[in-house]
Amino acid sequence: MNLQRAYTLLAIFYTALLAVGVLAVVMGGGTPLSLVQLAIGTVTVAGLWGYFLGRQVMSWRTWRPFAGLLAVAIATNIWLMFTTSPSSAELTWLLANIIFTAIPTLLLFRYGNRDQDLWASPDEIEGGRTLRELLERQDELVVEKRDAPRPATVNVIREGEHYRASVIRGQGDETERFEERFQRPSTLAFFIERFTCVEVGDFVEKYHGEEERAQEA
């Protein structure tokens, strides 16, 4: 069994659990707390399917806070186990909640990582591909753009399987320096164009121009 098939079966399993919960509520076995749990379960299952299928569901900003909420629920259940005297049925319910919530918590935390191609737009993926190709021919990419309301200098290098972007933004007393590392070149392209006045096309213009001038010489 490959990993993708295992993920699909896991998503089907959690979908079936959600369906059982919905059926129980429809048959009159629900409480106000059950409705809250079903709502959380619905969001969880939607996120799992998005993660397993490599599709965008809601925003990447949603999933790490949501995973944090699930982690709080796990911690609450553990606290209840040790601070109360649950019956055998209640203890079974608490343990089941902890076990069945732990896996989605970890997976949805990973799903919320912006540094993945699944959260990138087609333009960002294309821009990342362009930067990666330039870095295959150049050890370092540097673009300085001063003719902008907030000038910036961007320095990009590849370190093993990661990309590092160092930025100097602004001028005078308003100058700021920051640096980020990314695994996916599409995220690198997103970062540069989102947080500086520099565009991927500026790198292409500079380095393709240099290559053309070198060939002419």
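Trainee: Which residues lie nearest the centre of the second largest pocket?
Mentor: In this predicted model, the second largest pocket has a lining of 13 residues, and its volume is about 160 Å³. Those that lie nearest its centre are Arg-114, Glu-180, Phe-182, Thr-187 and Phe-191.

Trainee: Which element gives the most to the lining of the second largest pocket?
Mentor: Two or more residues of that lining come from each of helix 3, strand 4 (176-182) and helix 6 (185-195). With four residues, the element that gives the most is helix 6.

Trainee: How many residues of the lining of the second largest pocket are charged?
Mentor: The lining of the second largest pocket holds five nonpolar residues and three polar ones. Asp, Glu, Lys and Arg count as charged, and the number of charged residues in this lining is five.

Trainee: How many residues of the lining of the largest pocket are nonpolar?
Mentor: No charged residue takes part in the lining of the largest pocket, and 11 of its residues are polar. The nonpolar residues of this lining number 20.

Key. Residues are numbered from 1 along each chain as its sequence is written. This is a predicted model: local features need pLDDT of at least 70, side-chain atom pairs count only at pLDDT 80 or more; totals for chains, interfaces and linings use all residues. Side-chain values use heavy atoms; hydrogens and water are left out. On a 1 Å grid over the protein atoms alone, a cavity is a set of points where a 1.4 Å probe fits but cannot get out, and a pocket is an open set with protein on both sides within 12 Å along at least five of seven lines; lining residues have an atom within 4 Å of a point. Grid points are joined across faces, edges and corners, and a volume is the space filled by probe spheres set on the points.
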